[in-house]
Amino acid sequence: MSPSASGHGPAASFAAQFVAPGPSGTAIRDRLRGLTAQDEQVLRSVGARLGALAGRDLRTRCADGLSHDANRWAMRKRELTGESSARWAGSITKATHDQWAPARRGRLAHMRSLEAGVRTLEHRLSLPIGEPGTKRAPGGYRSRGEWFVKSRRLEALKDRLAAERADWDAGRVRVVRGGRGLLNARHHLDETRLTENEWRQRWEAERWFLQADGEAGKRYGNETIRVTPGGEVSIRLPAPLAYLANAPRRRYVLTARVAFPHRGTEWADRVEGNRAVSYRIHLDVERGRWYLTASWRRATVPTVPLEAARIKGVIGVDTNADHFAAWHLDRHGNPVGRPRCFDYDLSGSSAHRDAQVRHAITRLLHWAASCGVAAIGIEDLDFAAEKTRERHGRRKRFRQLISGMPTGRLKDRLVAMAAEAGLAIVAVDPAYTSKWGAQHWREPMSTPNRRISRHDAASIAVRRRALGHPIRRRTAPPRHHQSDDGGHRTVQADLGDRGREGSRHHVTERAPDARPRTRARRTRATSVSDTVRDACRTGTRVRIPLPDTVEER
């Protein structure tokens, strides 16, 4: 913990809070119901034909490497136009670039991860065996055997890093159309519980190409895959498949209709206004269903100012491997009500994990709307450089935990869904939120009937940082204000006094002409108190006589 955690040192530097920008695009999906056998055959033929062209174009782009330029792009497009159409060729070349560029960025991220591992290993190998580590850096290895094994691993990582740097300098990337996971599943069919025929169907469906970019100003926003406001879907066939057309100008009209029940009004406005809408047709082999996905870019919406997002209070959210821990705080940083927990299960298939995340975020947004807040505070988590073996050593379960947390998907989903609910997302630095939250808020917020977890306390820390408040409940006054100028204070509040934060107690002085207390009264009071004390000690009942005269009263 840094010195600023307890207020006894210089303030720690954290990344500034910011309001996350809203989503830049929208995608909706609807099922193609009522397709005939002829319709499915046409879709399979078109997808397979264009998929082969897309694979060939991707191979050409990867071979060009860093020498690729605009002229080469235009040449690739001209080669594809004769075998499909100009618009299909444009969609294929753009999709190829969208595959090559992320693979290039992924190689750079992998290189940085290897470099971090090499630095950590070199540092620990340079230390004496058994030297303890610090909070800032790990120490030496515990035995000579471990030191020897790590030295071997250092050489292996250096070889991998050298190979990655050579590929990076040459501009080489490795991309698998259809997904590397599905490709490797071919060699482990028993583990995936798939037959060779089932795997082949999935592999071919993933490698089909049936997507077309939108064009502003064209009829219904897309000339290649056209969807009318009434839901009629038609496809512009490639030149070699023109004989399959059932409509003029090499078009094939499907018998299925789409309605887009979710955000269909917004889609219809774009289609009727001839604004660009991109479409993708794909087959879910497991269910045997065809789907049509429509997507478009959203207009840039100005980000809500940070102060405006804070004015109605913020909900602090602590992201964990299996749940969101949330607490509502007012604009002054005080917790309101009880903490909430929104569970999700990230095991199983990708579709199940995605559904779990969406359901948890939906419940969170509904609760935030009922609280009347305008923003949600969340940690800006990124475990890209924190998952290596060199970073966490033998903490295998912890490495598996952070590797299984889809932080990027959680943030993207939350930002997109919060924008639709009219809520802003305030991202904060995640440093020490769990540690300081437990230190300063766990015990004060716990009651005999309600125990606060570490995650609930961390949600308070996230929320206070989003508001710009310190995580600590109360800042100590300056040293010269902690006592009187002339010495210690004459009246001090007790530690158990609930009003110790207030002003000093008022001391009433006796008037100059007040009657002095008599010795008899003090003596009688002393004797009465002694009698009561003895009776309580022995458990007997006593009778205390009342005073007989007014003077005694």
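**Entry 1. Helix α7 and its tryptophans**

I looked up Trp199 and Trp203 and found both in helix α7 (residues 196-207), 4 residues apart, about one turn of the helix. Helices (H or I, at least four residues) and strands (E, at least two) are DSSP runs, numbered from the N terminus. I note that this is a predicted model, in which local features need pLDDT of at least 70 and side-chain atom pairs count only at pLDDT 80 or more, while totals for chains, interfaces and linings use all residues. Residues are numbered from 1 along each chain as its sequence is written, and side-chain values use heavy atoms, with hydrogens and water left out.

I then listed the aromatic pairs and found 4 in the structure. Trp199 and Trp203 form one that is stacked, at 5.5 Å centre to centre with 10° between the planes. Rings of Phe, Tyr and Trp (its six-membered ring) pair if their centres lie within 6.5 Å; planes under 30 degrees apart count as stacked, over 60 as edge-to-face and the rest as tilted.

Are these two residues buried or exposed? Trp199 is buried, with a relative accessible area of 3%, and Trp203 is buried at 11%. Buried means under 20% relative accessible area, exposed over 50%, and partly exposed in between (1.4 Å probe, protein chains only).

The charged end of Arg186 sits over the ring of Trp199, 5.7 Å from its centre. For this I used the rule that NZ of Lys or CZ of Arg is within 6 Å of the ring centre and within 35 degrees of the ring normal. I recorded another such case in Arg76, which lies over the face of Trp73 at 5.7 Å from the ring centre.

**Entry 2. Trp208 and Trp290**

I next examined Trp208 and Trp290, a stacked aromatic pair at 6.0 Å centre to centre with 5° between the planes. The pair links distant parts of the chain, since Trp208 is in the loop between α7 and β3 (211-212) and Trp290 is in strand β8, 82 residues apart. Trp208 counts as buried at 17% relative accessibility, and Trp290 counts as buried at 3%.

**Entry 3. The sheet that contains β8**

I traced an open sheet of 4 strands in the order β2-β8-β7-β3, with antiparallel pairing. β2 (25-31) and β3 stand at the edges with a single partner strand each, so one side of each is left without a neighbour in the sheet. Two strands pair if DSSP finds at least two bridges between them; β3 and β7 are joined by 2. Ala212 has Tyr279 as its bridge partner in β7.

I also listed the contacts of Tyr279 (heavy atoms within 4.5 Å). Leaving aside neighbours within four places in sequence, Tyr279 is in contact with residues including Leu210, Asn222, Ile225, Trp267, Val271 and Leu292.

**Entry 4. Nonpolar cores**

Which residues touch the most other members of the largest nonpolar core? Of its 43 residues, they are Leu32, Trp267, Tyr279, Ile281, Trp290 and Leu292. Such a core is a set of buried Ala, Val, Leu, Ile, Met, Phe, Trp, Tyr and Cys residues joined through side-chain atoms within 4.5 Å. Among the elements that each supply at least two residues are α1 (37-64), α3 (86-126), α8 (264-272), β7 (278-284) and β8 (289-297). α1 gives the most, with 6 residues. I noted a second, separate core of 24 residues, which includes Phe342, Tyr344, Leu410 and Ile425.

**Entry 5. Strand β9**

I found strand β9 (residues 314-319) mostly covered, with 6 of its 6 residues buried. Val314, Gly316 and Asp318 point one way, and Ile315, Val317 and Thr319 the other way. In a regular strand the side chains alternate between the two faces of the sheet.

β9 pairs with β10 in the antiparallel sense over 6 bridges, and a hairpin joins these strands through 3 residues. Val314 has Leu329 as its bridge partner in β10. β9 and β12 run parallel, joined by 4 bridges, and Gly316 stands opposite Gly377 in β12.

**Entry 6. Helix α14**

I recorded a bend of about 40° at Gln439 in helix α14 (residues 433-445). The bend is the angle between axes fitted to the seven residues ending at a residue and the seven starting there. The buried residues of α14 include Trp436, His440, Trp441 and Met445. The buried residues of this helix pack against β10 (323-329), β11 (335-343), β12 (375-379) and α15 (454-467).

**Entry 7. His352**

Finally, I looked up His352, which is placed in helix α10 (residues 350-371). His352 is partly exposed, with a relative accessible area of 31%. Not counting residues up to four places away in sequence, His352 touches Asp345 and Ser347.
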